[in-house]
Amino acid sequence: MRFRRTPSHIWCQQVVEMVSDYLEGTLPARDQRRLDHHFTICPPCSIYLSQMRETLRLAGKLVPEDLSPEMEQEFTEVYRRWREES
Amino acid sequence: MSFHAPRLPWTRRRSQVIDPDLLLLERLRAGDESAFVTLVSLHHDPMLRLARTFVSSHAIAEEVVQDTWLGVLRGIERFEGRSSLRTWLLAILVKRARTAGGREARSIASSDSASFVAAVDADRFQSSGAWGAPPEAWTDDLEERIGARALRDQILAALADMPERQRAVVMLRDVDGLQSEEVCQVLDLSPGNERVLLHRGRSRLRQALEDEIGAIHT
């Protein structure tokens with residue numbers, strides 16, 4: 001008799017430790033499949049996954065401060081100093 | 001940092017449009033002063049934030065950034081384009097910041113990964129490992145409901161709270177949008193270390209947002 005190959009069980013507490021790697025695509029294929037499967041059967045973990053995606057989306061929306069006019073002036077001087085020395 | 005779109009050069013661009021950095025670099029090599037200031041302004045904030053993870057004051061971080069640009073100008077002919085310009089810049093910055101911070105000896109092992117910190121508090125799981133206090137779905141219009149500013153402040157506060165290497169990794173990868181290989185290159189980390197630091201930092205960010213969002217729901 002042969003068993004059908006379903007992904008082996010994994011607990012939610014383990015899943016949350018693997019979500020970042022899951023999103024990075026760096027998990028071994030077997031773990032990637034276990035998580036894929038787990039997310040289809042576990043609503044709380046799939047909520048956790050969406051929250052992590054949302055977190056990364058928000059982090060990616062932080063935009064840099066513009067350079068202040070004073071800093072612009074300072075860097076212009078850095079440039080001129082370099083021109084003089086070269 | 002503020003919180004709006006669009007971002008130009010520091011976005012997750014990987015498409016093969018012409019890299020604006022390289023155009024600026026060409027103009028700079030031709031002696032164009034304004035190209036230099038534009039290049040600086042595009043990279044200044046990420047550089048300053050990264051420098052700040054190595055040195056103890058904002059003023060020293062600013063010096064490190066200036067010093068880096070002077071070094072960049074002096075070595076401008078040596079840039080071969082094997083890595084992206086920003087990776088090159090940030091790697092130079094890290095070398096200088098390490099010297100300035102005198103923390104070269106303090107390795108990641110001792111400062112950031114000493115002990116295991118759970119991504120989610122163990123109290124929220126049953127002894128079996130299944131959820132006891134599961135997360136609740138966030139609304140789709142978080143920014144309108146909670147306010148973009150409150151969310152941003154929460155993220156910035158969580159970043160400020162992180163150990164330095166963790167903060168550097170999360171900022172480079174998730175805020176500035178570098179590829180993980182670039183993060184490893186800039187910070188001289190192994191891929192394994194980078195992943196662990198990223199995982200821990202991201203978990204803290206998510207938790208910080210859940211705290212903020214949960215507080216509003218209830």
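1. Basis. The model is predicted: local features need pLDDT of at least 70, side-chain atom pairs count only at pLDDT 80 or more, and totals for chains, interfaces and linings use all residues. Residues are numbered from 1 along each chain as its sequence is written, while chains are lettered from A and ligands numbered from 1 in the order in which they are written.

2. Fold of chain B. Chain B has 9 helices and 0 strands. Helices are DSSP runs of H or I with at least four residues, strands are runs of E with at least two, and both are numbered from the N terminus. From that end the order reads α-α-α-α-α-α-α-α-α. Of the 218 residues in chain B, 38% are buried. Buried means 20 or more other C-beta atoms within 10 Å of the residue's own, with C-beta atoms placed from the backbone. Among contacts in chain B with a separation of 6 or more, 65% join residues 24 or more positions apart. Two residues are in contact if their C-beta atoms, placed from the backbone, lie within 7 Å.

3. Domains of chain B. The assignment gives domain 1 (20-101) and domain 2 (108-217). Such bounds come from an automatic or database domain assignment. The domain centres, taken over C-alpha atoms, are 27 Å apart. Across the boundary, 9 residues of domain 1 contact 10 residues of domain 2. On the domain 1 side, α2 (33-52) and α4 (85-101) of chain B each give two or more residues. The largest share, 4 residues, is from α4(B).

4. Contact between the chains. Chain A brings 34 residues and chain B brings 47 residues. On the chain A side, α1 (12-15), α2 (19-24), α4 (43-59) and α5 (69-85) each supply at least two residues. The chain A side divides into 18 nonpolar, 8 polar and 8 charged residues. Here Ala, Val, Leu, Ile, Met, Phe, Trp, Tyr, Cys and Pro count as nonpolar, Asp, Glu, Lys and Arg as charged, and the others, Gly among them, as polar.

5. Cores. A nonpolar core is a set of buried Ala, Val, Leu, Ile, Met, Phe, Trp, Tyr and Cys residues joined through C-beta atoms within 7 Å. The largest has 53 residues, and those with the most contacts inside it include L50(B), L93(B), I155(B) and V169(B). α2(B) gives this core its largest share, 8 residues. Domain 1 (20-101) and domain 2 (108-217) of chain B each contribute at least three residues. Leaving out residues up to four places away in sequence, V169(B) touches V183(B), L187(B), E194(B), L197(B), L198(B) and G201(B). A second, separate core has 15 residues, including V15(A), V16(A), L35(A) and M52(A).

Note on methods
A residue is buried if 20 or more other C-beta atoms lie within 10 Å of its own, exposed if 12 or fewer, and partly exposed in between; C-beta atoms are placed from the backbone.
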